[in-house]
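Here are my notes on this model, as numbered points. Please read them with the structure open.

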Protein chains: 2
Amino acid sequence: MRAFLSLAALSVALFLAGCPRQSCPTTAGEASGGAGLAYPRGAGEGMWPLGLLSQLDDEALRTRGLQLPITKLWEEGDGLARAAVKIVNGCSASFVSPDGLIFTNHHCAHSAISRNSTTERNLLEQGFVARTRAEELPGQGTTTIQVLRRFTDVTDRVLADLPEDLEARARAMNQRESSIVAECEGRPNTRCYIGRFLDGIPYEGTPDGRIRCTLFETLEIQDVRVVAAPPESMGSYGGEIDNWHWPRHSNDFSLLRAYVSPAGAPAEYSPDNVPYRPAAYLEVSTEGVGPGDFVMVLGYPWRTTRHLTSVEVAEQRDWYFPLRVNLFSEWSRVLHAQAERSPETAILVSSHIRSIDNSLSHARGRVEAFANVDVLGERQEAETSLGAWIAEETARRDQFGDVLPGIDAAVRDAAATRDRDVILRYMVYGSQLLDFATTIVRWATEQRLPDLEREPGYQNRDQESLRSELEHAQLGLDLETDRAIFLLFLRRVMDLPEGQRIEALDAAVGSDRSPAALEAFAERTYSGSRLGDQASRLALFGQALDALQASDDTMVRLALALAPVQAERERAADVLEQRVAGLRPRLMLAYAQSSSELAYPDATATLRVSFGSVMGYSPLDGVLYTPLTTVSGLVAKDTGEEPFNAPAAVLEAAARSRDGRWVDRPLGDVPACFLSDLDTTGGNSGSPVMDGQGRLVGLLFDGVWEDLAGDVTYSPRLSRSIAVDIRYVLWLLDDVMNADHILAELGVGS
Amino acid sequence: MRAFLSLAALSVALFLAGCPRQSCPTTAGEASGGAGLAYPRGAGEGMWPLGLLSQLDDEALRTRGLQLPITKLWEEGDGLARAAVKIVNGCSASFVSPDGLIFTNHHCAHSAISRNSTTERNLLEQGFVARTRAEELPGQGTTTIQVLRRFTDVTDRVLADLPEDLEARARAMNQRESSIVAECEGRPNTRCYIGRFLDGIPYEGTPDGRIRCTLFETLEIQDVRVVAAPPESMGSYGGEIDNWHWPRHSNDFSLLRAYVSPAGAPAEYSPDNVPYRPAAYLEVSTEGVGPGDFVMVLGYPWRTTRHLTSVEVAEQRDWYFPLRVNLFSEWSRVLHAQAERSPETAILVSSHIRSIDNSLSHARGRVEAFANVDVLGERQEAETSLGAWIAEETARRDQFGDVLPGIDAAVRDAAATRDRDVILRYMVYGSQLLDFATTIVRWATEQRLPDLEREPGYQNRDQESLRSELEHAQLGLDLETDRAIFLLFLRRVMDLPEGQRIEALDAAVGSDRSPAALEAFAERTYSGSRLGDQASRLALFGQALDALQASDDTMVRLALALAPVQAERERAADVLEQRVAGLRPRLMLAYAQSSSELAYPDATATLRVSFGSVMGYSPLDGVLYTPLTTVSGLVAKDTGEEPFNAPAAVLEAAARSRDGRWVDRPLGDVPACFLSDLDTTGGNSGSPVMDGQGRLVGLLFDGVWEDLAGDVTYSPRLSRSIAVDIRYVLWLLDDVMNADHILAELGVGS
């Protein structure tokens, strides 16, 4: 999850996670599910939207260790949850002082720290503490945050009187949502988005078997500065080797501060800006937690698909993830070979390699997890029981009889072109030049429609971010590598089976499909394009479609040729989404009615609360992972070589701190990280982990290898989250970074 | 330890373990130490010779869980220890029925099972159960056993009135020992050996600061047959991946039976032979053990060096093991490259590869262990305290003042030619043709002396085993591979520093030492030798030295040329041994006097008892290894692919056995293997692990990775042994192999 969430890799990761659109983490997951499978109670399962908290069993939560009335978290638009922060790069965070101080992960502020680093003053390497407010470093656009103001159910506005035709219906829903968002953003300093929840269970009232649309209204703050960060050797201690794994010793924290104009409104960076005063902030605990202790987490998990049917699970298990392993393996090999060319190329492609390797590792882990956790069998069993329950009464048969067969038919229909669709999707991501061209052509195409009728992502509100992407992409662009990736996809396109051919590419390549001919085609396409040049690229962005059609840029011409098949793919995806949207909420309703359990909707990058306990797990027979690691463990693990190279000052402090203030008495050592059964996923990075009193005790930053099927099914046995113990953070701030003023602001000064 | 002990690899492993002579496992370790460092009480430390048992604190052992008077183990030549069996291939074992039935590890009977296998009837692969006595399979010379009859202190006979000159002294000691052994073997059916213990603490009487020589008299039985063995996929489940590691699921057992002539005397295999009736045998427990339970082990650990000085430890840590890692890495690369040549070559060199890779892995583990366990610091600290204690009184200074400086000087002197000595030693092992030639030349050289004055290993009693080795070596001989290894060593010899040159080789190679010239030299040496041919080789063995000197065989000529430098190396080693033998017993005595702790001598392949408890350990921060694994763990680990490919019948039985007879109630499953803090090392493979009542509860078969410094220092935190739980064995015999008759013979029939 760590690297999976790193800023540089974010858009990559989202894409590779299977999100069909770039908007995936900030709007509802198109393929997301609903709610309702009966799960064991007491374990940490459940990512609860604020609107469902009031329906939870307060008494049961108290028994488990919650020491606050649940209404303290959220009631009538107020509560501790107002301390929650969403970083638009995909992370979570929290306010921890009245002056807008924010705790998140180090990897969530990686770009901000990096942009403030130079070879002479490498803050990424050395770490950083601002000694005064004036020293706090501007985030330079990397750490824009959103603070939730309110949310409203807009289901009726979106769903009323939709046309029968599924394509028209998809279009109508998009347009209505665009209007609602535009209306919402008409208010000052407001950024809005709609979450679609396919669970058929509204926050209030009775389940109605429809999807639910919720409008989230946020305050967006752009001026967010870096206050403190550990050296990267601590922030990502263990690197890719430890990533996804326990035991862990990363001190993955950073401190940011939100600034607004003197008038209190969000504003671009200015030295005149003043700290933002949040409606709520979390108290920091110095008492910590131990094995068995109650914990809860507030954050923005991107996406889970806990309510797939067995046929959908089989598709993931037997086709999709094996394909990802295969594709990413080759992709990785190509990138590593390119990196061998020169040290400069190695640097240019390093972030790309990191993303692909992380996605490869994730895909492998998922394949392994599917072998270890029998999700398919579990789903088949649940469906058998549900089928029996439905068959019992005529009314149930009428209401639910078509649901499972209907979803399965949709999956089968989509499978007809699944290989082509995946390749098309990844090819545009893989070749940056093709991506540029596709964006430029798509923008021009959408421009012909009225703003609110355009596809989300191509409306006027998106213009600036698209331009900025086209501009900044230059930083990681290596044309020879890009062409090698293009060629990789070209070969795969040529290997597509009959019935899934991409005719535009077949025609462009011609009849000779020998390796040499494909290489020559890639060479021609790249040498005939000016999109590798930043200025030429930006000059093309915004040109009208007919101007583009007259262009002789080979990559623009290819994008134009591919546009129809891509449009067809999107239309088909929209129709598929509509088919499922008409079915899955009823599936969830059937599960809920048959088991009478309160259910939670899938994660869709909206604010959630999970409840759990500090606990280890057994990753395999004969081995137990204990729930807390220690600073002594860091020292024992240290080899002096990256990624196990803690700074000398840290090792020295470790030797000094054996009986200092930050020692956990039962542990006899300064704690480092802890495990819990909290239900989290990508997007939860940086989330505050709180004790039963709502005090901050840790920062969530990773999941575990054995839980890589966790997005599809929560396992009480294996679903674990990893957090930095806040005492590890405070120890570093205190004994190594000498940040007394920060401890004082956090209310834990000695 | 498992592969480290496999029969095929045994002589290799002994050699590579650093034994300076082939006789290393059956006589005292020349470099072994004494006794006396003060160790924590209560942990499993200590490999106790039978003669020291009566001096142990009986009461303390009872508190720890021993439920027998210690005299039941051994008193006046009798006791449970008479059930202990030494397999001359280097393993341990035990009698478990009045009819000579023997339990040992699968890997200890590997060769015996292998020799009884054919491609049509592959018993190694399929496993085997003799349904009648007649079906029991002859061991064909692979599993000769020795049963201890008695031992006698012969220190005075060996040490009385030795000459002052160290070389003469070494010769005199060897000759006296040879006479004593010859006298002992004059008794019928008797095989004898002398163990030298450098601990200065005799079994009885007061410490005298001399080395101790003990004569062991055994009954040697050649006709030992295979009664039952699991499929290799169970016996070495987990293969090289799991080797040395926890968690473990190998069912590493086999059952043998000792046969003697109808008159009760040892005899070659004959269908007329009858089962041997041992003086004692172990009862098999069906109750098993759980965490914390007392256990003890009886066996023949080869060699520990627990009493090295800090200078010797530094030599191991900083020179010897890093050199082994370097050498074995290259050796392994050469072998793997050879194996690529053809499937036939791959089979021929597989056992060689396995040995070298295992030794490489062991050396790497040792380097890692030296980094994790600060043996050097511990020794330096102990020496500082000892130095202070010695300095306190004049008498102590007189008695012990020269000891530490003396040993350190010996180490320094040996270091002057250490690189040359190691290369010479390994080169003769690495090139089989050179090994043959060296043996033939050495035999001829020693023949000129009266039998008992010859070097041990080259006396009349050794002739048959030497001839047999020369004969059977053909099975694993691949001349091209052998030449490649020879070349590897040739290059290393050419890289030796000034002062350590091997002139005979320098002269033979000539002035051109280019890679091509070295290759040509290797080519000439191999093509000019007939030693690759079995008959020619055997014809040369036994020829007189002058006949050999007249031979034109290039490899014989090379061995003749190398003989003087090898003799010089051996003389120097003898002198060194004598220097240390005059010092280390006094060092141990000083430690014993300064701490007043009862000490145990280093392991020297003689019968020992260790006491401990079933317990797990923490290999690193955040991870706990729990002490018992289960059959469910085996199933979870199984991938269907080697080495994690349990037979279908085992997996089916696992599913059936969840509430069967062999389930451990607290565990809720059939147990597989267990960890304990018993003090063991190579040679203990196959050792019976017993409960407090002396009943068999497991078969020891491996150590753990984190304890690879265990031969040098016992760590209560990390020293752990791995045993097969006997219930795992019984379950397999019962539920998979349907061996009711064996369960009945073991007294555990249902």
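**Notes on the predicted model**

1. Asp602(A) is buried, because 26 other C-beta atoms lie within 10 Å and 20 or more is the cut-off for that class. Bear in mind that this is a predicted model.

2. Where is Asp602(A) found in chain A? The residue belongs to a loop, the one between α25 (584-595) and β14 (608-613). Leu148(A) is 454 residues from Asp602(A) in sequence. In space, the C-alpha atoms of Asp602(A) and Leu148(A) are 19 Å apart.

3. The contact between the chains involves 14 residues of chain A and 14 residues of chain B. On the chain A side, the elements giving two or more residues are β16 (623-625), β17 (628-630) and α26 (631-637). By class, that side of chain A has 7 nonpolar, 6 polar and 1 charged residues.

4. The copies meet through the same surface, because 100% of the interface residues of chain A are also interface residues in chain B.

5. Strand pairing crosses between the chains. β16(A) pairs with β16 (residues 623-625) of chain B over 3 bridges, in the antiparallel sense. Tyr625(A) has Val623(B) as its bridge partner in β16(B).

Technical notes: Residues are numbered from 1 along each chain as its sequence is written. Chains are lettered from A and ligands numbered from 1 in the order in which they are written. This is a predicted model: local features need pLDDT of at least 70, side-chain atom pairs count only at pLDDT 80 or more; totals for chains, interfaces and linings use all residues. Two residues are in contact if their C-beta atoms, placed from the backbone, lie within 7 Å. Helices (H or I, at least four residues) and strands (E, at least two) are DSSP runs, numbered from the N terminus. A residue is buried if 20 or more other C-beta atoms lie within 10 Å of its own, exposed if 12 or fewer, and partly exposed in between; C-beta atoms are placed from the backbone. Ala, Val, Leu, Ile, Met, Phe, Trp, Tyr, Cys and Pro count as nonpolar, Asp, Glu, Lys and Arg as charged, and the others, Gly among them, as polar. Two strands pair if DSSP finds at least two bridges between them.
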